[in-house]
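Colleague: I have not worked with this one before. Can you walk me through it?

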Amino acid sequence: LERIEMVRELQDLREQSQRKKASKIIGNAGPIQQLLALIDQVAPSRATILITGESGTGKEMVAKRVHDMSPRVNKPFMTIHCAALPENLLESELFGHEKGSFTGASGMRRGRFEDADGGTLFLDEIGEISPSTQVKLLRFLQTREFERVGGNQTHSVDVRIVAATNRNLEEEVRKGNFREDLYYRLNVINIETPPLRVRRSDIPVLIRHFVDRYARENGKTIREVSTEVVHTLEAYDWPGNVRELENVIERAVVLAETDKIGAHHLPASLKLRQGGPRSFSDDVRIPGSTLEDLERLAILATYESTGGDTKETSRILDISQRKIQYKLRDYRDSGHLH
């Protein structure tokens, strides 16, 4: 009994240690807490994960946390940005190549799949890969096997795939740009990263986090951020999300002459969001609005009022959460939701 108790205690300590060193995602707002809960639930599995969300919402951090919270934490975490490489180099980077397989291939080279064996491979901007690469990736997901470029020997590795995109892959499938079978293989578990505008309560915490980081990196001491700056940043809609906020704070820290950041340290392009919460009377004209307009405004206003909580939005409007998520994707594609 003592031995069993010691084993359990050791397991608990290991889990606590693993959680402490897991990639830290900053925020206490409802959407972030839901995100963290979902990551903790799915990370221990072997399932392939597709992370969706707008640019700048921290999809790579989510992928890293999935890895850190999984049994693969002590194995490699490899990242490849699919849009950064042309087709032939991307395939070589993923699968490796044999000597002489193309001009400049002076020797055999292992790819990221082999380098990540036992760990996690994060494929960022997966919607940008070519049809031929899609075929090879699909084969790996089906068989866990691949061949190097220019080779005929089959290699087998144990790699978990986590992919990310800011594109609507369902729409890309309908357009014929992305294989439907590959989409379903990737989208076993979907994690959607929330935009910053639906978690405004996290902005002060993020400001402090980035101020501390860039003050340390630049050898400065920043003791105060003016109330005006905080209010301005809370009111802005952040189309570039957390990445844009980070850039604004880094700039302000670099420009700060004293230990205080003021409004004059913010870029001129950063403007206050006009108006307050959306009001139906501002947008609806009766007669003059269609039922589709009314539905869209009801969903968007409720979604914003709940802080981006699709479950609560579906409860208030008495429609399914799946329909809410489907409608929100449509609104993003049509430009009604930024």
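Colleague: Which residues in H14 are buried?

Modeller: This is a predicted model, in which local features need pLDDT of at least 70, side-chain atom pairs count only at pLDDT 80 or more, and totals for chains, interfaces and linings use all residues. Residues are numbered from 1 along each chain as its sequence is written, and side-chain values use heavy atoms, with hydrogens and water left out. In H14 (310-317), the buried residues are Thr310, Thr313 and Ser314. Buried means under 20% relative accessible area, exposed over 50%, partly exposed in between (1.4 Å probe, protein chains only). Helices (H or I, at least four residues) and strands (E, at least two) are DSSP runs, numbered from the N terminus.

Colleague: Why are those three on the same side of H14?

Modeller: Because they cover an arc of only 95 degrees around the axis, the arc being that of the directions from the helix axis to the C-beta atoms. Lys311 and Arg315, on the other side of H14, are exposed.

Colleague: What do the buried residues of H14 pack against?

Modeller: Helix H13 (291-305) and H15. Contact means heavy atoms within 4.5 Å.

Colleague: Now pockets. How much space lies in the largest pocket?

Modeller: About 1200 Å³. A pocket, on a 1 Å grid over the protein atoms alone, is an open set of points where a 1.4 Å probe fits, with protein on both sides within 12 Å along at least five of seven lines; lining residues have an atom within 4 Å of a point. Grid points are joined across faces, edges and corners, and the volume is the space filled by probe spheres set on them.

Colleague: Last topic: which residues of the largest nonpolar core touch the most other members?

Modeller: Phe113, Leu121, Leu123, Ile126, Ile161 and Phe178, in a core of 28 residues. H6 (131-143) is one of the elements giving two or more residues to this core, and its four are the largest share. A nonpolar core is a set of buried Ala, Val, Leu, Ile, Met, Phe, Trp, Tyr and Cys residues joined through side-chain atoms within 4.5 Å.
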